[in-house]
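Hi everyone, thanks for coming. I'd like to walk you through a structure that may be new to you, so please have a look at it with me.

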Amino acid sequence: MSILHLTPENFKSTIESASVPVLVDFFADWCMPCKMFAPILEKVSEKADGKVIIAKINIDDAEQLAAEYHVMSIPTIILFKDGKEAARNVGAMSAGDLMNFIGV
């Protein structure tokens, strides 16, 4: 499964209509820890295929959403279940820790 790239326009509809949990990575292109975390997200998206949707949203394109969800540092990952925030982590993590975080 590839990573879904969200926009401010499709963010809420995506997390609210998903039949599985949605993990959203709030990132920016200029963020080095975000760049280091990207391959880990790719790896986990392959392993978690069908169990969770892994998505990314660029905070530079979605400043209002970043403010709404109180994203103060990046990368911040938020796990949504049934359209609501279920868990949050600030900073990069290993693939194993990320798998545990999303529960797969």
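This is a predicted model: local features need pLDDT of at least 70, side-chain atom pairs count only at pLDDT 80 or more; totals for chains, interfaces and linings use all residues.

Let's begin with the charged pairs. How many salt bridges does a search of the whole structure find? The search turns up three.

Take Glu68 and Lys12, whose closest N and O atoms are 2.5 Å apart. Glu68 belongs to helix α3 and Lys12 to helix α1, residues 11–17, so this bridge ties together parts that are 56 residues apart in sequence. Glu68 is partly exposed, at 38% relative accessible area, and Lys12 is partly exposed too, at 33%.

Next come Lys56 and Asp25, whose side chains meet in a salt bridge of 3.2 Å, N to O. Here the pair ties strand β3, where Lys56 lies, to strand β2, which holds Asp25, and the two parts are 31 residues apart in sequence. Are these two side chains buried or exposed? Lys56 has a relative accessible area of 8%, under the 20% cut-off, so Lys56 is buried. Asp25 is buried as well, with a value of 0%.

The remaining bridge joins Arg88 to Glu85, with 2.9 Å between the closest N and O atoms. Arg88 is partly exposed at 30% relative accessibility, and Glu85 is partly exposed at 39%.

Now for the rings. The count comes to five aromatic pairs. One of them is Phe26 with Tyr69: the ring centres are 6.3 Å apart and the planes meet at 45°, so the pair is tilted. This pair links distant parts of the chain, with Phe26 in strand β2 (residues 22–27) and Tyr69 in the loop between α3 and β4, 43 residues apart. Phe26 is buried, with a relative accessible area of 1%, and Tyr69 also counts as buried, at 14%. Both rings belong to one aromatic cluster, formed by Phe11, Phe26, Tyr69 and Phe80.

Last stop, the surface. Which residues gather in a patch of negative charge there? They are Asp29, Asp60, Asp61 and Glu63. If you want to find Asp60, look in the loop between β3 (53–58) and α3 (63–68). Asp60 has 37% relative accessibility and counts as partly exposed.

How values were computed. Residues are numbered from 1 along each chain as its sequence is written. Side-chain values use heavy atoms; hydrogens and water are left out. Patches are made of residues with over 30% relative accessible area and no salt bridge: like charges are joined within 9 Å, nonpolar side chains (Val, Leu, Ile, Met, Phe, Trp, Tyr) within 5 Å. Accessible areas come from the Shrake-Rupley method with a 1.4 Å probe; for residues, only the protein chains shown count as cover. A salt bridge is a side-chain nitrogen of Lys or Arg within 4 Å of a carboxyl oxygen of Asp or Glu. Lys and Arg count as positive and Asp and Glu as negative; His and the chain ends are not counted. The place of a charge is taken as NZ of Lys, CZ of Arg, CG of Asp or CD of Glu. Helices (H or I, at least four residues) and strands (E, at least two) are DSSP runs, numbered from the N terminus. Buried means under 20% relative accessible area, exposed over 50%, partly exposed in between (1.4 Å probe, protein chains only). Rings of Phe, Tyr and Trp (its six-membered ring) pair if their centres lie within 6.5 Å; planes under 30 degrees apart count as stacked, over 60 as edge-to-face and the rest as tilted.
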